[in-house]
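Grab the model and work through these exercises with a viewer open. Try each task yourself before you read its solution.

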Amino acid sequence: MTERALLGARLAADEITSDPTKWFGSVPFVVNPIDDQITDAEAYGKTISAVQNSVIDAGYNGVLGDRYSSATEMVAYTLAESGIFQCSIWSTSPSLSNKVQFPTFFRLVADDNFQALVILELVKSQGWKRIGALVGDESYGQGLLDKVRSSVDSYGMSLLASYTFYTNDPEGIDYRVSQLKALGARIILLFPNGEQDAVLLFRSLAANGMVGPDYVYIGGDNLLEVMAATENAADVANVQGLLMTEALEYSESTKPFEANFLAKYGRAPLSGAVAWYDATYAFAYAFQKLQNDYGYSATDIANNRWLEQNLNVTQFTNFSFQGAMREASWMPDGDSMNALFHVMNLVNGTYNEVAIGEVGDLTITNKIVFASGLTDIPSDSPMMVDETIGYKKPAPVAIIALTAVLLALITVSILPLAVFRDHRLLKPVSPLFMALSLVGMLLCLLSIFVDAVGIPTKTSCNSYMALMAVGFGTVVGGILVKLRRLYRIFDNRIAHRRASPNSELLAESGVIVLVEFILVFIWAGGYPLLPQEHNDLVAATHYYTCESANTSASKGLSAAVFVYNGLLVLACCYFAFATRDIYSAYNEAKAIGVAIYNILFCAIIILLTTLLTPLSPVPGFLIRSAFVLVAVGVAYAALCGRFLYSMVASQALSDEYHAADGGGGGGPVGESGAQHGSGSGSAHSGIAPLTPQQRRQSKTWVDPKAAALTAGYKNDMFPIRGTSRITATSQWRNFHISVMVKPSPLLVIVSEKDQAVGLAVPLKQVTAECAEQEDARFTVRWSKGALQVQTSKPADAQDWVQTIQAFARGDTRGSVSPAVGADIKRSEPLLE
Ligand SMILES: NCCCC(=O)O
C-alpha cells in the first residue's frame, strides 16, 4: 500500500474509531499496510503466500488494494476461498469483473471499459479518426485495448494497428514503435503496464523520432504514476502535450476531506488518497450492514464470524453511502456505479484538466495544449509533402529550360552538318557521325522532359527508359566506332591497312544501337514499367516511381542495360586512352577522349546517386538531369560544336577577305595556313570547293597534279612519325611533305603547326618503299633518319613512292599512275 493510500485510509479509520457510538463501540477500526511482495511478475507467488499468511491467517476482515490489476487479480484469486472481501480504487481491468474468478472483489472505480470509451470520446472531440495503440502485455492495457478495438467502429474511427510490447524486450519495443510510425499513426494510445515499461516506451518513441508537434499521445490513468515520479522527468519531458484520463476524485465536494487531511497530515492529499478514504468507509458501512442484517456484534465482525454467511459480492455491497468523493454504490458484480472521469493535459511539467464527464457526456473544459505548445489540433495523418516532379516547380523548371536551350542548339546544329557536309573543316571529322551523335544527344535530352512528368504513365515510364537507353547507346556507340576507326588507322598495325568506309562504320553503330533496341523492346514489351504511387508515411512524402510488376525481370533487364552500356563506355575509354597521342589538325582523338571521360564521370555520379543514396524524387531528378546536361553539353562541344564554330568563324574571315579584295578571285589559305589534303599544293578556301567535273568544265582549269608532275613537283599533308630532328618517334603529327626535281631533287618536310620547323633531304640519299602492296603507309629513309608517312589509301602511298623514286632519277613523268593520270582527285582527308 502506498503512502497516499495509507494516509487516506488511516484518516477514515481514525475517524471511525473516534466515533464509537456511530460505528463499532470499543472495537477499534484499524488499517495496516502489508507488503504485497510485488517487484515484478515473477513475484506473484510471494504475493499469494503474503495474502495467505499475513491476511487470511492473520484474521484480517477485509483488504484494501491492490494497485495494478495484475497484482489485484492474484490477491483476489487467493482471497476467493476465504470469503474475505477486497476493495480497490485503482485496479480497473475489466477482467476483475469476473465474479467466478474473483468472487470477493469489488471496487470504487469504474472499470476500463468506461475509461476506453472516454478516451475514444476525447479522440472524437478533436476530430481525429485514425489512431494507433502501444499496449503493455498485462491485464490493464489488454483490457483497455479490447474495449477500444471493439468500439472504434461505432465512433467512426479506425485503429491503424495496435502493438503489444514486453518490458523485458526493449528491442521489440523499438520494432513495434517503428512499425506504428511506418503506418503513419499520429494519434497514439499508450497503455503500458506501469512505470518501468512506460519509461522504456517514452525513450523508444524519442529514439524513433516520434515525439514533437506531429504526435499526440493519450494514456490511461496509470500513466499518472509515471508522470509523478521525478526520476522520469527527462523522459516525460519528451511527451509534452500528453493527454491522460483519470477517474475523477477531487472536486468541490471533496473540499471538507482535503481540509481534514491537511489538518491531520500538514499537507494536501495526493491523487488516490480520497478514494482510499472512501474505500475504507465502504468496509465500515458493509460491516455495519452485517451487524444490522445478521445481528453480529462488532467483536463478531472483528473475529470474522460473519464469513459463515458465505456472502457474495452483490450481498456484501448491497448498500450505498455518501462518500467524500460522491455517493458510493455498486453494481451487482461489485463494480462502481460511478464512472466519472477527467482528462489531464501535460504542459511544461504540470497537469491541467481539459475535459470532464463520463461516457456519452464528456465536456471539453479547456483547450488542449499540444506538443507544439499551441492549441492548434494536429492532424491524425502525416501531412504528405508533394514530392512529384512536374513542370511547375522552380528547380525542375530551371532544368527543363536548360534542356530546351541545349535541345534547340543541337537541333539547329544538324542542318549545317547536312548542308556543309563537304566543307573542309567538317568533312575530315565525319559529319555523318557528328549527326549520329547529335541524334543520340537529342534522345537523352528528350528523356529529361519525360522524366520530369508530374504523374507518370505507362507510356512515360517506358519512354524514359527507351529514350535514355537508345540515346546513350547512340552517342557512346558512335564514339566507340569513331575511336576504333582512329585506332585502326593509326595504332593497330594489322588493321591500319584499310580505313573503314562510312557504310561499314554506320553498320557498326547500327549494331550497337540495335542491341539497345532489343533490350528496350524486351523490357517494355515483356515487363513494362508501370507508374507506382507512393505515400511514404514515415517520411510523409507523396511521389511516383516507375516499376515493373515483375521486379526480378525488371532488375535483370536494368542490370543488362547498365552492363551493356558500361562495357561500351569502358571500350570507349580504352580506345580513347590508346589513341590519346594521335595528332591531328583538330586534336580529334583528344576531344573525343574528353567527351567519353566526361560521360563516364557523369554516368558514375548518376549511378551512385540513384543506387546508393536514398534521394527523394525531386533532388534525384535534379542530380540525374544536371549530369545528363553536363554530359551532353560537353559531348556536343567536343564532338560537334567546336567544328561548327570554326566553320562559321572561317566563313566570316573569308567574307571579310572577299569584301576587302573587292570580291576578286583567290582567298586566304585555309585554317592554320594549310590545306587539308589538297593533292597539288593549291590551297582551297571557302565552303564548297569545286567538284572534279566542275573543274574540268572550267576553261581555265588545269589538272593540278598532272601539272605538278610535269613541273617536277608534288606535295601533300600527311601524318608523319619517325626518327628525325623534327618528328616524334611514335606520335603522329601533320607535316607538309614535298618532293621536287628543281632546283635539285629534294624531299622537304615542313611542320603544319610551325612552318619554321622543317628539313630538306637530297632525294639521291632517300629510299622510299611501301612495306606491302595493301599498305597505306610508306617509309622514307636516308642516312640520318627514317620516317613513316600515313596516307589515306594504298594507291596514294604507292604513288608517292614511285614519285620519289622517279624524281630521284630526275624523271618527272615516271610517277604518273594510271589512276592519277585519268582523274586526279582531291585527296581524301587524313583522318577520315
Ligand atoms: N487504473 C490504473 C491502474 C492500472 C491497473 O489497473 O493495473
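**Exercise 1.** Is Lys255 buried, partly exposed or exposed, and with which residue does Lys255 form a salt bridge?

*Solution.* Start with the surface: Lys255 has a relative accessible area of 42%, so it counts as partly exposed (buried is under 20%, exposed over 50%, partly exposed in between, with a 1.4 Å probe and protein chains only). Next, find the partner: Glu258 pairs with Lys255 in a salt bridge whose closest N and O atoms are 4.0 Å apart. The term needs a side-chain nitrogen of Lys or Arg within 4 Å of a carboxyl oxygen of Asp or Glu. Glu258 is partly exposed too, at 21%. Helices are DSSP runs (H or I, at least four residues), strands are E runs of at least two, and both are numbered from the N terminus.

Some ground rules before you go on: this is a predicted model, with local features needing pLDDT of at least 70 and side-chain atom pairs counting only at pLDDT 80 or more, while totals for chains, interfaces and linings use all residues. Residues are numbered from 1 along each chain as its sequence is written, and side-chain values use heavy atoms, leaving out hydrogens and water.

**Exercise 2.** Which parts does the salt bridge between Arg624 and Asp451 tie together, and what does Ser625 contact?

*Solution.* First, the pair itself: the side chains of Arg624 and Asp451 come within 2.9 Å, N to O. Arg624 belongs to helix α20 and Asp451 to helix α15 (residues 431–451), so the bridge links parts 173 residues apart in sequence. Asp451 is buried, with a relative accessible area of 13%. Now step to Ser625, also in helix α20 (residues 617–660). At 1% relative accessibility, Ser625 is buried. Skipping neighbours within four places in sequence, Ser625 is in contact with Ile399, Ile448 and Asp451 (contact means heavy atoms within 4.5 Å).

**Exercise 3.** Which strands hold Arg781 and Glu769?

*Solution.* Begin with the salt bridge: the closest N and O atoms of Arg781 and Glu769 are 2.8 Å apart. Arg781 lies in strand β22 (residues 777–782) and Glu769 in strand β21 (residues 767–769), so the pair ties together parts 12 residues apart in sequence. Both ends are partly exposed: Arg781 at 38% and Glu769 at 40%. While you're on salt bridges, ones that share partners join Asp300, Arg305 and Glu308 into one network. A search of the whole structure turns up 14 salt bridges.
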